[in-house]
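Me: I have a chain open here and would like to talk it through with you. Can we take it one topic at a time?

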Amino acid sequence: MTRQTLFLLISAAFSAASGQILFRIGSRGNESLHAYFNIPIFIGLVLYAIGTTVWIYVLSKETLVNVYAFTALTFVLVYLGSVFLLGEHIDTGKGIGIMLVLLGLYLITRTSGVA
């Protein structure tokens, strides 16, 4: 896996995670279908689509096993974003889980030979 591929995968994860966080912001307190048509959800959809497009592009260059592992990075980024941007709570178990996911990603990228 090249540094460019790694950069694209991390960018795709950030884009998808940002989209997810914006979905949450745009959906807070909505009670009618019409209320879901708002700017945060629209921007979230655009960011999520960009992340997905980049992810699909990288799939054309790398194996599914290596690329799919970066889906886990999106989970970590959404969790961290929810804590720092939305004021949600962190606890020891979740913190350990995040560290294990990041360790797993490190091991996968190291064994796939990032240049």
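Me: How many residues does helix H4 have, and what does it reach from its first C-alpha to its last?
Reply: In this predicted model, helix H4 covers residues 71-84, which is 14 residues, and it reaches 20 Å from its first C-alpha to its last, close to the 20 Å expected at 1.5 Å a residue.

Me: And which residues in H4 are buried?
Reply: Those buried in H4 are Leu 73, Thr 74, Val 76, Leu 77, Tyr 79, Gly 81, Ser 82 and Val 83.

Me: Which residues touch the most other members in the largest nonpolar core?
Reply: That core has 13 residues, and the ones touching the most other members are Met 1, Leu 9, Val 58, Phe 70, Leu 73, Leu 77 and Leu 105. Helix H1 (3-27) and H4 each supply at least two residues of the core, with H1 giving the most, 5 residues.

Me: Switching to rings, how many aromatic pairs are there?
Reply: The count comes to 2 aromatic pairs. Phe 23 and Tyr 48 have ring centres 6.0 Å apart and planes at 45 degrees, so this pair is tilted; it links distant parts of the chain, with Phe 23 in helix H1 and Tyr 48 in helix H2, 25 residues apart.

Me: Why is the pair of Trp 55 and Tyr 68 edge-to-face?
Reply: Their planes stand at 70 degrees, with the ring centres 6.1 Å apart, and edge-to-face pairs are those with planes over 60 degrees apart. Trp 55 lies in helix H2 and Tyr 68 in helix H3, so the pair ties together parts 13 residues apart in sequence.

Me: Last topic, which helix has the lowest mean pLDDT among the elements?
Reply: Helix H3 (residues 64-68) has the lowest, at 86, whereas helix H2 (residues 39-59) has the highest, at 96. For the chain, the mean pLDDT is 91, and 96% of its residues reach 70 or more.

Terms used:
Residues are numbered from 1 along each chain as its sequence is written. This is a predicted model: local features need pLDDT of at least 70, side-chain atom pairs count only at pLDDT 80 or more; totals for chains, interfaces and linings use all residues. Side-chain values use heavy atoms; hydrogens and water are left out. Helices (H or I, at least four residues) and strands (E, at least two) are DSSP runs, numbered from the N terminus. The expected span of a helix is 1.5 Å times one less than its number of residues. Buried means under 20% relative accessible area, exposed over 50%, partly exposed in between (1.4 Å probe, protein chains only). pLDDT is the predictor's confidence in each residue, from 0 to 100. A nonpolar core is a set of buried Ala, Val, Leu, Ile, Met, Phe, Trp, Tyr and Cys residues joined through side-chain atoms within 4.5 Å. Rings of Phe, Tyr and Trp (its six-membered ring) pair if their centres lie within 6.5 Å; planes under 30 degrees apart count as stacked, over 60 as edge-to-face and the rest as tilted.
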